[in-house]
Amino acid sequence: MSNTSYHSKQIKENNQVTIQGGEKKVMKKILSVALSTAMAFSMFASVAFGDDAKLTSQQKFDVLKDAKILTGYQDGSAGLDRDLTRAEFAKVVSSLMGLKPITGQLSFKDKGYTAKNWAVPYIEAVYSAGLMEGKNTTKMIFDYNGKITVQEMAAVLVRAMKLEVPAETDNAASAWAKGYVQAAVNAGIISKDAAPKANATRAQMVDTAYAIWIDQQQPKVVSYEVKEDGKVVEFKLANEEVVKVTLETPLKANVETEVKFKNGNYDYSHKVTWTVTAATKVQGVSASNYKQVVVAFDGDVDKATATNPSNYSITGLAFSAAALSEDAKTVTLTIAQDSGVLDRQKEYTINLKGVKNADRTKTFSDAVKFSPVDTTLPEVKEVVGLGTKAFKVVFSEPVQQSSVVSTSNFMVDGKAVSGYVTYQYPNIAIISTDLAVGSHELTVKNVKDYAGFTNLTATSNFTVAEDKTAPEVVGATTNDLTRVEIEFNETIKSVSKVYQTSASKTATYTVSDNKVIATFSGTNKLSLAETTIYLEGVTDYSGNSANREVKVTPVLDTERPTVVGVEADVKNGNHEFTVEFSEAVQLGDVTETANYVLKDKDGKVVTGKGFTTKGNPVKAPEFVTGSQNKKVKITSIGQLASGVYTLEISNIRDVAAIGNTMLPYSTTIDLADIEKPKVLSTSYYEVTQPGNSSSFTGLDIIVHYSKAMAFDGVGNALEANKYNYASTASSSTYLPLPVNASVSAINAETVRISLPAKEGGYVTGNQAISLRVVNVADAKGNYIANNVVTTTVSEKGQQFVELDKVKATDNNTIVAEFEGPLSYVQASDFVVTAGAATYDVVVISNNNGVVTFDLAGDNKLAPEVGQNVTLSVKGGSHVVQTVNNNGLKASGSKNITDAISPSYVENSVVFNASGNNTVATLTFDEALVVFNNPTAFVVHVDGEPVDVTEVKINGTNKVDVTFKAASVAGKTVEIYSSSNFASAKFVTDAAGNAANAVAIKKAN
């Protein structure tokens, strides 16, 4: 059980009821001495607390008579068979509810309604309490001798007892009374068999009064306490008894729950709330704008850890600030200004690491999904005068800098501002201008949020007062030994210097509104002891300046980094593994290849394709740009074979002052098909429907993907809500497709988006528009990169299927990739240019836009393909026959990259003795890069293996292989490249192409 503080709730009787006529009275139920006395001497007391169902109405009457609730007639009889009069009922209600009889007051005008009438004091009591009214409220006639019906009796008692009136009823009462009768039946004070519209008998009145009276004898719950993490509730009763109730399902923190239990002969039902001040869970995550994320907890969290931005992460984004609400239950995270924005139609996952609750008994490690929605315009939230030289405008949400910095967007007292605007990300504008002391009116317009919404032109009043006092420190927080946030009592303009302990231990710092965020790094880090932070030249916008200092005691970061996830993709013909950590990690650990091991499905280390014999990557892993050192990229050399692999990661430390080392981690990765689909090309054409004028047009947008797409399921590329468009290519305001728009498949990789015809159409002339595609996946379930892509869509006649990349795989073969599939390829549409020479080509194959050409005739390319060698589509006017299935023509010109592997020149080997060794010199057909590894070659002399001691470059295109043999004269030498020669790239050309295998056998 944690030391979470629990709530003991005192239950008080506050029988406040809303009565007829709108007044409120406090009704004290009979928990009086009279009842206690009645309990003591009543001959029926033992019976009353035994089996109530066996008591007759007469026995119940006798109990109530002893309790001074009922008196009966003068002869002592109960008269149970008689109808109940309104006067008799008034007396019973008055007695039951503990109302004091009222004398000296005559509210009604009935004949005989005088001070001598025995019923008048009781009628006046229930009338004053608002429980009963007269039969005729205009003439003020009470009708005290008149009969009262069962439903009228029920209505009075339900109001008096504050019973809940149910919405659903099952009785024969009049429409107005159905709810009252059902409430009385449900409470057990009226029999379900009673006829609601019939006159109530005195027997029914006795039964009802007895049921109410008995209810008062049950000891009430006066307080409760929740224990054992919500599993146990201890109830304290009015008689001082404590009842311990163990729950089958523990209570939820801060959620009201009805708890039922039995004690002795009594059944209890009581609503309890386990009020927990320290958070136990993440309540939810939301984003009402596209630059901030709000994390809500179910209780208080620790300020130091909750306001550390590095304790939160979202793939592809970085947080620059974390602000804790005044109630310590909500954290608002601000995405760094240069770290992108949230997308309105994407589901995100935020990871929490290291955030502690208020009493530090729980550390949160959660991954929570949310989807941002921004439906509101930015507003001016606050205007603050900063002395007579500046004022500050705070907006309701983050706003775009470009829309804020123009002084034309601000007017003071109806006049243009003479000065300049300073933007403080995310939502503050500080306008420097001379202001007179007193009240002013500010008008703001044309300010945009990150959803593209513009504020409505609005005015705000603010007051300017002269400021002659320098800023004062009001608080400081720190985490680990590097970051300190100092808060001041006003907005800060500048600071000259920040340091700790001595003037040489300086910090880098930023100023944000009234806060200075200082970072101490390297040898200037803070110590764990109390440390004084000095700030020189702290200046406000009135020019007041002073030196300040504040003491802080850092708390060491002891949370280990963890791996949030690993993603695999195919990029540039290689497999790429992206490892995301829960926090920033150290560069030295990241680049240490021994910290990563790749294994196959059988647990054997992977060798080749860019991995060593120990399964470590050959190329050092590197940080993903813009990931704040949280994401690491591991790249193979060439694509690995399809299948399931295991990646093991260890020995990675975070960037805490004393680095915390991760626990060993492993995960499986399926490389069956992990390449993300891309939007290769888009185009549009206007459609005129039959019978419509030419100005009444629709629009068809064609989208070509790089892979076969999903046409059902979550990633369905045929759902209209996956697409938004902007009316121009430069617009950032995207609109949903019209309601009756449709998306259909042209083929597995291509879809048509059809917008219905409308007056004026969707485009002006042949201008380009913009299309946004979100959350679509290929047929294998791979989503487009980052789940969102935006692309410019040109008119079909201006759109072409462009060449994407071209490579030469040997001196006669060229492979060209287009930005979309091609349905027909004509060789005469293409030409290869090498300097002044041109070559025709022959089409060998077309694989969905990947076209293989051979040079016509006996033409050959040099092994080292130069930058001046290109493949081009002929025809400046694009009069070509090569098209895709939508009729878009091929276009473009690209340099041919070198993908030709260097080859050993046959019979070029030369042997030279070198002491006890022999050096074999191998000549290749182009310049080389050689990785010195003796395992690159295997050598046999006269059929016996000998050790290779060195492999190195010789000049530009030669390789020296040194092996242990004093002389090879008269001997047969065999030199073979090793089995992983190509995959390990021991010998490559300047373009990184691995050399072809070598097999030499020479008799000397």
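Against which element do the buried residues of α5 pack?

1. In this predicted model, the buried residues of α5 pack against α4, where contact means heavy atoms within 4.5 Å. The buried residues in question are Val120, Pro121, Ile123, Glu124, Ala125 and Val126, with buried taken as under 20% relative accessible area, exposed as over 50% and partly exposed as in between (1.4 Å probe, protein chains only). Just after α5, Gly130 adopts a positive phi of about 75 degrees.

2. Helices (H or I, at least four residues) and strands (E, at least two) are DSSP runs, numbered from the N terminus. Residues are numbered from 1 along each chain as its sequence is written, and side-chain values use heavy atoms, with hydrogens and water left out. Because the model is predicted, local features need pLDDT of at least 70 and side-chain atom pairs count only at pLDDT 80 or more, whereas totals for chains, interfaces and linings use all residues.

3. A nonpolar core is a set of buried Ala, Val, Leu, Ile, Met, Phe, Trp, Tyr and Cys residues joined through side-chain atoms within 4.5 Å. The largest such core has 57 residues, of which Phe89 and Leu131 touch the most other members. Two or more residues are given to this core by each of α3 (57-66), α4 (86-96), α5 (120-128), α6 (150-161), α7 (178-187) and α8 (202-217). A second, separate core of 48 residues includes Phe297, Leu317, Val331 and Phe410.

4. An open antiparallel sheet is formed by 4 strands in the order β31-β32-β35-β34, two strands being paired if DSSP finds at least two bridges between them. Its edge strands, β31 (563-571) and β34 (622-623), each pair on one side only. Strand β32 (residues 574-581) is joined to the antiparallel strand β35 (residues 631-635) by 5 bridges, and Val579 stands opposite Val632 in β35.
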